[in-house]
Amino acid sequence: MIRTQLLTAAGEYITGGEELVQRWHADGNGFIWIDLLGEDAAHENNFLLSMGCHPLAVEDVQRFRHPPKTETFDNYTLILYRGLTEFNKDLTIQQMTIALFAGERCLISCHPRHSMGVNHYWGYAQQENLLVSPGLLASRIMRFSVGRYLEAILAFEPSLNELEDAMQEKPNDEVMRELIGYQSRLRKLKRIFSYHEKLVTNLLTDIPQQLINEDGDIEHALQDLFERCERLHGLCTMYYEICGDLINGYLSISSHQLNNTMRVLTIITAIFVPLTFIAGIYGMNFDNMPELHTPYGYFYTLAGMLVIAAGFGFVAFKKWL
């Protein structure tokens, strides 16, 4: 589906379909936003090429799971990022690639499924007069998407606090498995947010002159977007490290408990090994054993074993227990 918003040179605002593209070309001074939603790859390719988009940029847009990036061409600045379609409490997500071509008097957005950021500004573009600044509109759309990520990550914090309390009060394998799952998902999110932060950093470092010349405060908009991306990446990294610390803490506690158990078992073994040795010696049935016919041999041996056990027990209690 192709839908369009056109702001003519005379100030007339029109919404429609692909037919408005020809009117925009004929107008010469109008502004247009073209939204391609779930278009067939071949038709999308032909349409973007007809709008003057670079073939390499079109190839990046249609490449499966292309990492977020930004690149400036002669006619357009391409912003390619990951939009959010679903974000659950357990940090499982559904995402899609959203491409924004910000050109002179034109913004083209491409996405395979509905995007909340695109849909939000589709209704507010006229009210905020954003069509006259395609670069500013593109940054606002991405800012909205990043804001959704931020809301979802902040909503995860109470769950993480509960897990932290559970690990301190009653650590168990079930909580640890949950933490490992969260850490794995946070690692994926951290990778996505790192891409987004680098994307906006590249834009801020070298803002295309075309965007600077627009009627819009693009520098402040990009700075605000960068701060959001930076905060998002920082929060995700912090939560990832907290999960890692809790997992390491649980493993340390388990290791400590295992060490205590092994120490007790080692002490018991150290006490009973010499007793077992003595019992083994005197359990052999040889006729010529000197002590075999001693009247009080059993009591002497038993007393010796008790003395040895008591001695080892005393030493173990003083040094190890």
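Mentor: A residue is called buried when its relative accessible area is under 20%, exposed when that area is over 50%, and partly exposed in between. By that criterion, both K69 and D60 are buried. Their side chains meet in a salt bridge, with N to O at 2.8 Å.

The model is a predicted one, and it holds five salt bridges. Another of them is formed by the side chains of R3 and D35, at 2.7 Å from N to O. This pair links distant parts of the chain: R3 belongs to strand β1 (residues 2-7) and D35 to strand β3 (residues 31-37), 32 residues apart. R3 has a relative accessible area of 16% and is therefore buried; D35, with a value of 0%, is buried as well.

A further salt bridge pairs R23 with E12, whose closest N and O atoms are 3.3 Å apart. R23 lies in helix α1 (residues 19-27) and E12 in the loop between β1 and β2 (13-16), so the pair ties together parts that are 11 residues apart in sequence. Here R23 counts as partly exposed, because its relative accessibility is 39%, and E12 is partly exposed too, with a relative accessible area of 42%.

For context, two surface patches may be considered. A positive one is formed by R65, R187, K188 and R191. Of these residues, R191 lies in helix α6 (residues 173-205) and is partly exposed, with a relative accessible area of 46%. A nonpolar patch of about 560 Å² is made by L258, M262, V264, L265, I268 and F272. L258 is placed in helix α8 (residues 218-282) and, at 51% relative accessibility, counts as exposed.

The C-alpha atoms of L160 and L179 are separated by 8.6 Å, while the two residues are 19 apart along the chain.

Finally, a word on confidence. The chain has a mean pLDDT of 82, and 98% of its residues reach 70 or more. Confidence is highest in strand β7 (residues 106-111), at 88, and lowest in helix α7 (residues 209-212), at a mean of 70. Where pLDDT is low, predicted coordinates should not be read in detail.

Note on methods: Residues are numbered from 1 along each chain as its sequence is written. This is a predicted model: local features need pLDDT of at least 70, side-chain atom pairs count only at pLDDT 80 or more; totals for chains, interfaces and linings use all residues. Side-chain values use heavy atoms; hydrogens and water are left out. Patches are made of residues with over 30% relative accessible area and no salt bridge: like charges are joined within 9 Å, nonpolar side chains (Val, Leu, Ile, Met, Phe, Trp, Tyr) within 5 Å. Accessible areas come from the Shrake-Rupley method with a 1.4 Å probe; for residues, only the protein chains shown count as cover. A salt bridge is a side-chain nitrogen of Lys or Arg within 4 Å of a carboxyl oxygen of Asp or Glu. Lys and Arg count as positive and Asp and Glu as negative; His and the chain ends are not counted. The place of a charge is taken as NZ of Lys, CZ of Arg, CG of Asp or CD of Glu. Helices (H or I, at least four residues) and strands (E, at least two) are DSSP runs, numbered from the N terminus. Buried means under 20% relative accessible area, exposed over 50%, partly exposed in between (1.4 Å probe, protein chains only). pLDDT is the predictor's confidence in each residue, from 0 to 100.
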